[in-house]
Amino acid sequence: KHLNSAQVRRMYLDFFIQHGHTEMPSASLVPVDDPTLLWINSGVATMKKYFDGEVVPKNPRMTSSQKSIRTNDIENVGKTARHHTMFEMLGNFSVGDYFKKEVIPWAWELLTSDEWFGFDPEKLYVTYYPKDNDAHRCWLEAGVAEDHLLANQDNFWDIGQGPSGPDTEIFYDRGQEMNNVPEDDPENYPGGENERYLEIWNIVFSQFNHTPEDTYEPLPHKNIDTGMGLERVVSIFENAPTNFETDLFMPLIKQTEEFSGVKKYGVDKDDDVFFKIIADHIRTITFAISDGALPSNVGRGYVIRRLLRRAVVAGKKLGIDKPFLYKLVPTVGKIMESYYPDVLKNADYIASVIKSEEERFNTTLNGGLSLLNDVIEKAKADGSNKIDGKTAFKLYDTYGFPIELTKEYAADEGLSVDEAGFEAAMTEQQNRARKARDIDNGMGVQTDVWTEFKEPSKYVGYTDLEVQNAKVI
Ligand code: ATP
Ligand code: MG
Ligand code: MG
Ligand code: MG
């Protein structure tokens, strides 16, 4: 079966609409009335008011394709086959309505029925929490083979306090030829660090309240919260080696090839990472600006600024020296038009914001280059063959110069960079930032501090929820 991204999204939503769900719109990436969260990072992040009982939904069954930003995955982009900074999370939610014995057979039907996704059950693996006999039984009854059903202690959703419970995850076996680790590697299992078993869906049985006293009390209402990565499922349908060789990203990569003129996608592994970073980041930046955020030095704006700078530097690696990201905006708009018509409508505005930010950053980069040239001259005059770590850090911190860039320029002049000194300066800076940072947002949490491009006196730390299974033992 071959489905494109619009068809996969539609099919998922239609399946749950047929099962009595109301389709909710993809909410703004900028959280509404939720100061604890920097970005919407999952479907359930938009459902908090229903899950905690503050608002009673018209229909306790809801489904959505929710655009989500996860800053914790920034470094993964282009390195793994499956991570983005912005992705769409397909989800179905039950607020005190259905539970395991409904959601599990539905999940299996959607995944394997020829009428729906039609995946080969041989390719699917399911993990569940070891003590969760109900889930185990429901999966067997739904038709999962016993040897494709694996107990895993990690399958417990717990963010420290509040709703928690066991969960179950579904993986697609892409085959050993897609793997980045040998078959006998200890990480080579569904849920391990590998590129073979692709996590496509996470289903949470939210049934306990994790109390401040560290006990687990049954919740009055049992909820279902699920999340399926649209881009990952599309990569399966389009038989793509990574999420990027799909209709969601290829037009952006093709256009970037034209801007480069010299580099082609699919020739060199390192270059491919740069293509992927550009395609990923421009999507995120475009959507974030469309939803009302703007580049700046703090909070959300800082995320946009950092992503944009990473994309500009990636462009330089591909030989692109002029502002180019802004020209990709209409392409993002067209790719996403069927479900997100606003982006194309806002394209001119978004492009103008991005263009001036690109121009600004190019100027900063040039400032950094002139400092770097001075330092290189001085090092040569002193007969030194090294750029000291403090200078490398200043280039990074003040001028947004990634260490790789400094190393490359230095190498062209026959110099090396004191990387240990750079790391030490970085650690010192992070320790300062850590002290200033507000750690707990009450949702139990992924904390993340970006020190890059920071103006020294400004607070840039922030907290950001990563939805993730906590280790139980
Ligand atoms: P992974 O282990 O691959 O990082 P996760 O367990 O952190 O994923 P969940 O929090 O369970 O992800 O989110 C639900 C689903 O959303 C995942 O099963 C996956 O399909 C998708 N997903 C999560 N993070 C990303 C991302 N950064 N880019 C694309 N899809 C993602
Ligand atoms: Mg996971
Ligand atoms: Mg998961
Ligand atoms: Mg993750």
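Confidence comes out well for this predicted model: the protein chain has a mean pLDDT of 89, and 91% of its residues reach 70 or more. The stretch to treat separately is residues 437-473, where pLDDT stays under 50. Even so, the model has 82 contacts beyond four places in sequence for those residues. For the complex, the predictor gives an ipTM of 0.99 and a pTM of 0.86.

**Around the ligand**

What sits around ligand 1? The shell counts 18 residues, and the closest are D73, F87, N202, G227 and G229. Of the contributors, β8 gives the most, with four residues. By class, the shell around ligand 1 splits into six nonpolar, six polar and six charged residues.

**Helices packed on α11**

Now over to helix α11, which spans residues 347-381.

| Pair | Angle | Axis distance | Crossing |
|---|---|---|---|
| α8 (299-317) and α11 | about 65 degrees | 10 Å | right-handed |
| α9 (329-336) and α11 | roughly 140 degrees | within 9 Å | right-handed |
| α11 and α12 (389-399) | about 165 degrees | 10 Å | right-handed |

Start with α8. Its axis and that of α11 are 10 Å apart, at an angle of about 65 degrees, which makes α8 roughly perpendicular to α11. On the α8 side, the residues involved are L308, R309 and V312, and they meet I354, E357, E358 and F361 in α11. Sorted by class, that contact has four nonpolar and three charged residues, with no polar ones.

Next comes α9. Its axis comes within 9 Å of the α11 axis, and the two cross at roughly 140 degrees. The α9 residues V329, P330 and G333 meet A347, I350, A351 and I354 in α11. In this contact, six residues are nonpolar, one is polar and none is charged. I354 is worth a look in the viewer: this α11 residue meets α8, and I354 is also among the α11 residues that α9 meets.

Then there's α12. How are α11 and α12 oriented, roughly parallel or roughly antiparallel? Their axes lie 10 Å apart and the helices pack at an angle of about 165 degrees, which makes α11 roughly antiparallel to α12. From α11, the residues taking part are T364, L365, G367, G368, L371, L372 and V375. Their partners in α12 are T391, L395 and Y399. The class count here is six nonpolar and four polar, with no charged residues.

Conventions. Residues numbered from 1 in each chain as written. Chains lettered and ligands numbered in written order. Predicted model: local features only at pLDDT ≥ 70, side-chain atom pairs only at ≥ 80, totals over all residues. Near = placed C-beta within 6 Å. Nonpolar A, V, L, I, M, F, W, Y, C, P; charged D, E, K, R; others polar. Axes fitted to C-alpha atoms, helices over the stretch in contact; angles between N-to-C directions. Parallel < 35°, antiparallel > 145°, perpendicular 65-115°, else oblique. Left-handed = near helix turned anticlockwise from the far one by under 90°. Contact = placed C-beta atoms within 7 Å. pLDDT = per-residue confidence, 0-100.
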